[in-house]
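This report examines selected side-chain features of one protein model. Please consult the sequence and the structure shown below while reading.

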Amino acid sequence: MTYNIVCDSSSDLKSAVLRPDWLRLVVVPLRISVGEQEFTDNEELNVPALLDAMQAEKSASGTACPSPAAFAHAFEEADCSLCFTISGSLSGTYGSAVLARDMVLEEHPEKKICVIDSKSTSGGLVLLARRAQALIEAADDPDFETLCDQLRVYQASLRTIFTLECYDNLIKNGRMRPLVGTLLHTLGIHIIADATPQGAIHVAEKSRGETRTYQAIVEQMRSSKDCTDACVVLSNCENLSGALKLKELILRELPVREVPFLPCRGLTSYYAMRNGLILCF
């Protein structure tokens, strides 16, 4: 039995062979449009060039989800596929993957395909992909429906928190007034937000300065769930120094197991902008 773990590129992962001949990770790219330019969120994307283009462009930038055909290609290549997508509240990617599942099952009813809305992004998909791999490898012949049920329960237990320093994208897309964005930036105020159970963005609080912001994030993590032995995936948009400081604080104050880093790729950079940080746990 062959398996594909399929994620869209908001996972910040790269396609890989996890187990030769039977288990692969397949990453399906989204696209970002900036003025007349279009950037494909694949391994060749130059993220600093994307961010520079977004900063220079006066009009709003946008994103486009992968086509159903792109997901269908990944589903057709394995007997069983487990697919995780960016929150359906942020993108049409989940709907595209569901349509692809239905198309493939109509042609190949013997295949098994599960599509799960992560209601998150970046590290949320990473944690789901890791859990899927662990569950598949732990059993000689895992029951597919049981596997899907376990992953849905795990998804519901995950939490996402992020912080922004740059508000240009919010302003250009009409989600923040220019005066408010200018004041926040000038005063060094960071927005701290989380994802609701439905996967929508909720602004939790505002904090002034890096140290206070990171402490507020740790307190929000502490109050959101029991973090004992948790893996905290920390994605950064051109902000490795900030990620290191936040990692040190998390490890010092919370009983987590590990805090691996990921650099933001195109789609997560589009949302986080420069110096943004995204935590999933």
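## Aromatic pairs

The structure contains two aromatic pairs. Rings of Phe, Tyr and Trp (its six-membered ring) are paired if their centres lie within 6.5 Å; planes under 30 degrees apart count as stacked, over 60 as edge-to-face and the rest as tilted. The pair of Tyr270 and Tyr271 is edge-to-face, because the ring centres are 5.1 Å apart and the planes stand at 85 degrees.

Tyr270 counts as buried, at 6% relative accessibility, whereas Tyr271 is partly exposed, with a relative accessible area of 25%. Buried means under 20% relative accessible area, exposed over 50%, and partly exposed in between (1.4 Å probe, protein chains only).

## Basis of the model

This is a predicted model, in which local features need pLDDT of at least 70 and side-chain atom pairs count only at pLDDT 80 or more, while totals for chains, interfaces and linings use all residues. Residues are numbered from 1 along each chain as its sequence is written, and side-chain values use heavy atoms, with hydrogens and water left out.

## Charges over rings

Arg131 lies over the face of Tyr154, 3.9 Å from the ring centre. The charged end of Lys247 is placed over the ring of Phe261, at 5.1 Å from its centre. A charge sits over a ring if NZ of Lys or CZ of Arg is within 6 Å of the ring centre and within 35 degrees of the ring normal.

Thr121 is buried, with a relative accessible area of 13%.
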